Amino acid sequence: MPVVTLYLDRLQRLVGKANKSKILDVLPFLGLDIEEEQKDFVRVEYSPNRPDYATDVGIASGLQGLLGIKKGQVKVSVKKEKKKFLIKTDASVKKIRPFISAVIARNGKLDDESIRQLIALQEDLHFGIGRRRKKASIGIHNLDSVSSPLRYTAVSKDHEFVPLASVQSVTVKEILEKTATGQEYSHLLTDSKVPMILDAKNRTVSFPPIINSALTAVSTGTKNILVEVTGMDKGAVDDSLSVVATTLQNLGFAISDVMIDAKSSSDTFKARTILLDPALVNQILGLDLSVPKICDSLKKCRLDAIPRGKKILCSIPRFRFDILGEMDLVEEIALGHGIENLKPSLPPSISVGEKNNVTKKLDQITSVMIGLGFTEALNSSLTSRQVLYDYTKRDPSEIIEVAESKSLEHTVLRDSILPGLLENLSKNIHESYPQKLFETGVVFTKGHPIDETVTLSCVSAHKDTSFTEIKSILQSLLKTDSGITCKTNATTHPSFASGRTAEVLVGGKPVGIVGEIDSQVIENFKIRVPVSGFEIKLSGLIFD
């Protein structure tokens, strides 16, 4: 989770009518966790779906609402430029990185802390809704260093300019191959040409999504700012622009529009509305709030709300893209009403909570496996294609991938537990042997909806492990725990050694696989000793 440092004197000035003690008391009710508290500053952790909290001005705006200093929606006031600032888009860039939007922020003042926080906000947006700059990336420039109109175009990799924090002109190819940022994001630019923003004098302004030009570097002397956002997803581009523009307005800048191919960027900041049922609010929160009280609670969370018949019409600013529906508004109302004002009560049920039958059965299996000398592992249901399929030589045709994952490693839902245990072994090669691990958990297979099955897998790693050993473990488990007798028939499996693999049968039906792990798989995981293992379905075998 991202963390921001808040200097208390500065934050108090931004909030206004509140002392430091009161501010510290209210911070957690914004959904901020205080990580560290010192005399002059606090470090707070905030949710990535609230990037406006990456800066103290964003947090100050939220505090003003809960403290009742300022209520209602924070609106971005976009002025129309008398002399239009233009960005023209070439057709050449449409297939490379098609979307661009921008605003101008005038007559403001930046200090070192404001610049540091703007950079942090920029990177948080890149990582979050920007999906590591693929969907959106942001350029913040000294407006007075460029000449309108700008041209958003595609250039060859021989194009040269002086990149930010440099004094020497280099080619695009050199930036992609020799700089850390270029190497990290070069995979986003696979065409022979790359996107580039040039000004009216043909000077380079930005090389999105990689780096800005040194020409437009922002400093404490910068009074006027140009913010441009490019990307592959128009929604992410506009969302990112709305957060940065709102932040700059909170810093004291006046926001003006930019004409993008004859269309004003001011349309980006239009609020959206959600119709809220007060009955839902009271049902979920267990309260009896009146419509005016609900509206006031929403306004404390810097939203607008007015009665509309028997419901409430809520107006949501563009930068609050974390609010998707009524339940999100209920959460905002709880914050505005005051979490501290919600009184806990026991549920009306007279029953006592207890473990369900599946959990009880899994606990029994865990006890048996521990008694057999195994250690329980707990791995994530999300893993990587490399671990799940490449290293284990399994067919990835039925892979279930997470759309637009924020993680580089955890992108695939597991359909087997065994690869995760092998990865555990690979990370413990310097520990003593034997190493014996097991895990029970859910695996996923394609279906409508996706099918979920509880399975058990175990591995035994040491120089003398064998098919006989692992089969005896399996038979002992089933016999001891459930009185089940299993049989095995020779079979083949890409992850197991040929001639030392068997299908597990119970009542003539296949329930799993057992055997010695294939030597190539062991080598792929860089494990230094032989490994045997099994995986069986518990659903339908031990419980329904």
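At what angle do the axes of helix H1 (residues 8-15) and helix H3 (residues 56-66) cross, and within what distance do they come? In this predicted model, the two axes come within 9 Å and cross at roughly 50 degrees. Two packed helices are described by the angle between their axes and the distance between the axes. An angle under 35 degrees would count as roughly parallel and one of 65 to 115 as roughly perpendicular; H1 and H3 are therefore oblique to each other. The crossing of H1 past H3 is right-handed. On the H1 side, the contact is made by Arg10, Leu11, Leu14 and Val15, which meet Asp56, Val57, Ala60, Leu63 and Gln64 of H3. By class, the residues of this contact comprise six nonpolar, one polar and two charged.

Helix H3 is mostly covered, with 11 of its 11 residues buried. The buried residues include Asp56, Val57, Ala60, Leu63 and Gln64, the residues that H3 brings to the contact with H1. Also buried in H3 are Gly58, Ile59, Ser61, Gly62, Gly65 and Leu66. Just after H3, Gly68 adopts a positive phi of about 75 degrees.

H4 passes H7 in a right-handed crossing. In this contact, Leu118, Leu121 and Leu125 of H4 meet Ser240, Val243, Val244, Thr247 and Leu248 of H7. The residues divide into six nonpolar and two polar, with no charged residues.

Several backbone features were also identified. Most residues other than glycine have a negative phi, and most peptide bonds are trans. Arg133, which is not a glycine, has a positive phi of about 75 degrees. Arg133 lies in the loop between H4 and E7 and has a relative accessible area of 8%, so it is buried. Ala262 likewise has a positive phi, near 75 degrees, in a residue other than glycine. The position of Ala262 is in the loop between strand E16 (259-260) and strand E17 (263-264). With a relative accessible area of 69%, Ala262 is exposed, because the threshold for that class is over 50%.

Cis peptide bonds occur at two proline sites. One joins Ser148 and Pro149, with omega of about 5 degrees; Pro149 belongs to the loop between strand E7 (137-142) and strand E8 (150-156). Another joins Pro208 and Pro209, with omega of about 0 degrees. Pro209 is located in the loop between strand E12 (204-207) and strand E13 (211-212).

The surroundings of Ser457 were examined as well. Ser457 is part of strand E25 (residues 451-461). The relative accessibility of Ser457 is 0%, so this residue counts as buried. The side chain of Ser457 reaches the backbone oxygen of Phe534 at 3.0 Å. Apart from neighbours within four places in sequence, the residues in contact with Ser457 are Ile417, Leu418, Leu421, Leu437, Phe438, Glu439, Phe534 and Glu535.

Definitions and conventions: Residues are numbered from 1 along each chain as its sequence is written. This is a predicted model: local features need pLDDT of at least 70, side-chain atom pairs count only at pLDDT 80 or more; totals for chains, interfaces and linings use all residues. Side-chain values use heavy atoms; hydrogens and water are left out. Helices (H or I, at least four residues) and strands (E, at least two) are DSSP runs, numbered from the N terminus. Buried means under 20% relative accessible area, exposed over 50%, partly exposed in between (1.4 Å probe, protein chains only). A polar contact is a pair of N or O atoms within 3.5 Å; within protein, one must be able to donate a hydrogen and the other to accept it, and residues adjacent in sequence count only if both atoms are side-chain atoms. Contact means heavy atoms within 4.5 Å. Axes are lines fitted to C-alpha atoms, for helices over the stretch in contact, and angles run from 0 to 180 degrees between N-to-C directions. Angles under 35 degrees count as roughly parallel, over 145 as roughly antiparallel, 65 to 115 as roughly perpendicular and the rest as oblique. A crossing is left-handed if the near helix is turned anticlockwise from the far one by less than a right angle, and right-handed if clockwise. Ala, Val, Leu, Ile, Met, Phe, Trp, Tyr, Cys and Pro count as nonpolar, Asp, Glu, Lys and Arg as charged, and the others, Gly among them, as polar.
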